[in-house]
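Good morning, and thank you for coming.

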Amino acid sequence: MNAPPDFDAALAAIACGQAAQAPPTSAGVAATVRRALQSLPDCAWVLDLASESMEIAANAPLVDARGLEPLTLPFADWLHFVHADDVARLQQTLRSGGRPDHPCFECEFRLLRSEASWAWVLGRGRAVSFDAQGRATRCIGTITDITGRKHAEHCLSESEARYRLVVDNVKEAIFQTDAAGRWLFLNRAWEEITGFTVEEALGKSFLDYVHPDDRARNQALFQPLIAREKDYCRHEIRYLHKDGGHRWVEVFARLTLDPQGELIGTAGTLYDVTERRAVAERLRLAASVFDHAQEGIVICDPRPRILDVNETFLRVTGYSREEAIGKNPNFLQSGHQDATFYRALWTSLKENGCWRGELWNRRKSGEVYAEHLTITAVRDAEGTLTHYVGVFTDITAIKENQRRLERMAYYDTLTQLPNRSLLADRLQMAMARAQREQTLLAVCYLDLDGFKDVNDLLGHAAGDALLVEVAERLSNGARAGDTVARLGGDEFAVLLGGLASVEDCDLAVDRLLKNLDQPYTVCERDFGVSASIGVTLFPLDGGDADSLLRHADQAMYIAKQAGRNRYHLFDLESDRRAQAHRQALQRIEQALALHEFVLYYMPKVDMLSGRVIGTEALIRWQHPTRGILPPIEFLPLIENHPLAARVDHWVLRQALHQSHEWRALGIKLAISVNMCGGTLQEREFITQLDAALAEAGGIEPGLLEIEILESASLQDMDHASSIIAQCESRGISFALDDFGTGYSSLTYFRRLPARALKIDQSFVRDMLRDPDDYAIVAGVIGLARAFNRQVIAEGVETELHGAALLRLGCQYAQGFGIARPMPADRIPAWVAQFRPNPVWTSVSTSTDSLAPKLKRKRA
């Protein structure tokens, strides 16, 4: 007899279908198996591993009652009746059991009860025989029907799942603790409230999660429950959150007791009320704001009827709460706003949900007050209008201050006439009206004649009284619709509109002049005060508002210069010339900033010795489009203008720098620069001169000469003499330029300590053909010799001019016959190649061969 096969190998072979072939199970056998299985739970089985067969038998009661016979079939065929999902588990159970040290085993699996019915069974087994190697050869056991129990377990599992689903999805954290306060149970809501997982918390004391500042209070609140003075406790405390913050939690707790009434723990809920407390705080704050706000607040229903008002509303309106509640807010209307205003208000509320603006209402006392009001429509979640809320501020005082400020901003405080700002608005409106009606508008600019005398003689109070009287006369003389304004000081403006012609303007302005040219009594003294008026007519003068006032101002100055107590009509052509002059000044100033000016240098020589004694710095304009421009093109435009001094100082600085560069090349040439009298008389002239000298590194004495036009207006001769003396102390000499062209030559020559004088080129140029010019040249030379001054002739254009000057005793000269002005970089080469004219060196200064001819010609 062969040894029984290995138990594990046999099971594996059976599972893989490799067991010994057995005859196919007949239909009768299958039916018998089904009948045997239907006899569960009282089946017994025997597994013979040697024959790989399994015998199933019903117990005795079943045999007796049903007549079932024992059944034997291959184990592999028996597995066909096991649910496919349970076969592997059953085989694993057989492998793990059936050993000497572990002979018993059991497994729950499903067996086919009928064609469409499965029964849950509990299979228990025991190995009863083993081979020499300890392998099971025979196993016996039972199969018990546990379908009912499994069904009950399934129902219980579903019930527990539903319970867990409910518990884990409620907002409240459900808890249970033991008697020591350690968590025994928590649902998932705990994690949402605290951030800690349930697994982290279980077994820990609930006090570990209570805010440290609330622990003592929590214990005190629990005490009545522990003492069984209350059935439950409910309070709000802070629980710690895992993020480091805290949450406000409402705690509801009851005691849990055993059957003997002993405390075994607590159970209850934790509910996150953080948001609720925040809402409550906001509501409390809103209520506080409502009661204490400095703005009036009124709440209405949609009708609208007043539901509530705050204390500020009562204080501002003067009504009591009982008088206001239930009324339509329109009981406050003052009548200052019409029906159109309120229709626009309600339209904005309906379309935009709010309205904001200013309106006037009436207090209970009847007093009208101004308020800044904001009305907001309040809607619920469905968009249904529920309330209107109005918030307003009493701005009556602000309005009054605004009115006063506007009065101050637009009216002269002394005369109560419109000021310049309001005049500008009135002028714009008057211009529009003149264009619309096709009439003339006269813009008049007035300046009082003789007002300063009254002010200086009697003081400012008297002057103010006079200005008030002038304002009254102007206002009385103006027509309805005209504007009289005070511009400041003793200057006024009048707008005369609706004029049909220039003659109408003449009549109106004459009337103003006559009204003003009447005696004034100030401080019991009579004064005669008139006015100079400048007038421009719009739209004949098509300027803008500012231009019209400026033109009238310019015309006023012409009227004042013409003798006062008259008016002058603005000349547009003169203004165009003035505008062109202003533009030219701006362009010159721009050229100075853009470094468009350069200096050319004209040599000055000693005609006898042939020595170059210096140069004259002459300004040129390197115009970007017109090329090199001579001084005559631009210097006359800046005469008597502050820009002239800026140009003078620029020339001085450039000349000093050039002298420094020439000295570095070994060339010592004196440089003379031209300067107008206004520049010389500046109070800061010496300061600016010292700054220029320091910037250029200083200059040797005798290398800088300043030429002053003899025709220049030196109003303060003493100051000019002082300036010249200070310059000479610095090694700077002076010369009088264009001598003989001015009206005060001898005065200048006598009082100004100038070292030299220059004969104007207009005399020198014509001296060979005009006896008068010859005589002037000879006289200037003689005058210089008498006063021991150096004399230099300008305009030497030919060698004959030079010869004539030498015979008259003038040996220093400059002019085109010697050299034309040239850039600085050409001077060194010119100086190096310059030679004296032979004609000049041969001239004898003791004879005068030309003078008799000129005299004869004159005769």
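The second largest cavity has a volume of about 40 Å³. This comes from a predicted model, in which local features need pLDDT of at least 70 and side-chain atom pairs count only at pLDDT 80 or more, while totals for chains, interfaces and linings use all residues. Residues are numbered from 1 along each chain as its sequence is written, and side-chain values use heavy atoms, with hydrogens and water left out.

Let me state what the words mean. On a 1 Å grid over the protein atoms alone, a cavity is a set of points where a 1.4 Å probe fits but cannot get out. A pocket is an open set with protein on both sides within 12 Å along at least five of seven lines, and lining residues have an atom within 4 Å of a point. Grid points are joined across faces, edges and corners, and a volume is the space filled by probe spheres set on the points.

Which residues line the second largest cavity? They are A430, R433, A434, E437, T439, L441, G497 and G498. By class, this lining has three nonpolar, three polar and two charged residues; here Ala, Val, Leu, Ile, Met, Phe, Trp, Tyr, Cys and Pro count as nonpolar, Asp, Glu, Lys and Arg as charged, and the others, Gly among them, as polar. Helix α15 (420-437) and strand β19 (491-499) each supply at least two of the lining residues, and α15 gives the most, with four. Helices (H or I, at least four residues) and strands (E, at least two) are DSSP runs, numbered from the N terminus.

In total there are two cavities of 30 Å³ or more.

I turn now to a sheet. Strands of a sheet pair through backbone hydrogen bonds, either parallel or antiparallel. In this open sheet, five strands follow the order β13-β12-β16-β15-β14, with antiparallel pairing; two strands pair if DSSP finds at least two bridges between them. Why is one side of β13 and of β14 left without a neighbour in the sheet? Strands β13 (306-309) and β14 (354-362) stand at the edges, each with a single partner strand, so one side of each has no neighbour there. On average, neighbouring strands of this sheet are turned by 25 degrees against each other, direction ignored. Axes are lines fitted to C-alpha atoms, for helices over the stretch in contact, and angles run from 0 to 180 degrees between N-to-C directions.

Strand β12 (residues 296-300) is joined to β13 by three bridges, and C300 stands opposite I306 in β13. Two helices also belong in this picture. Helix α14 (residues 396-410) lies across β14, β15 and β16, at about 130 degrees to β15.

The second largest pocket draws on these strands too: β12, α13, β14, β15 and β16 each supply at least two residues of its lining. This pocket has a volume of about 440 Å³. It is lined by 23 residues, of which P329, N330, W346, L373 and I375 lie nearest its centre. The lining has 17 nonpolar, five polar and one charged residues.

The largest pocket has a volume of about 1500 Å³. Its lining comprises 46 residues, with L635, N674, L709, D737 and D738 nearest the centre. By class, these are 21 nonpolar, 14 polar and 11 charged. Helix α21 provides the largest share, six residues.

Finally, where is D517 placed? Residue D517 is in the loop between α18 (502-516) and β20 (520-522). At 38% relative accessibility, D517 counts as partly exposed, the class between buried (under 20% relative accessible area) and exposed (over 50%), with a 1.4 Å probe and protein chains only. Leaving aside neighbours within four places in sequence, D517 is in contact (heavy atoms within 4.5 Å) with V529, S530 and N565. Residues D517 and V529 are 12 apart in sequence and 6.1 Å apart in space, C-alpha to C-alpha.
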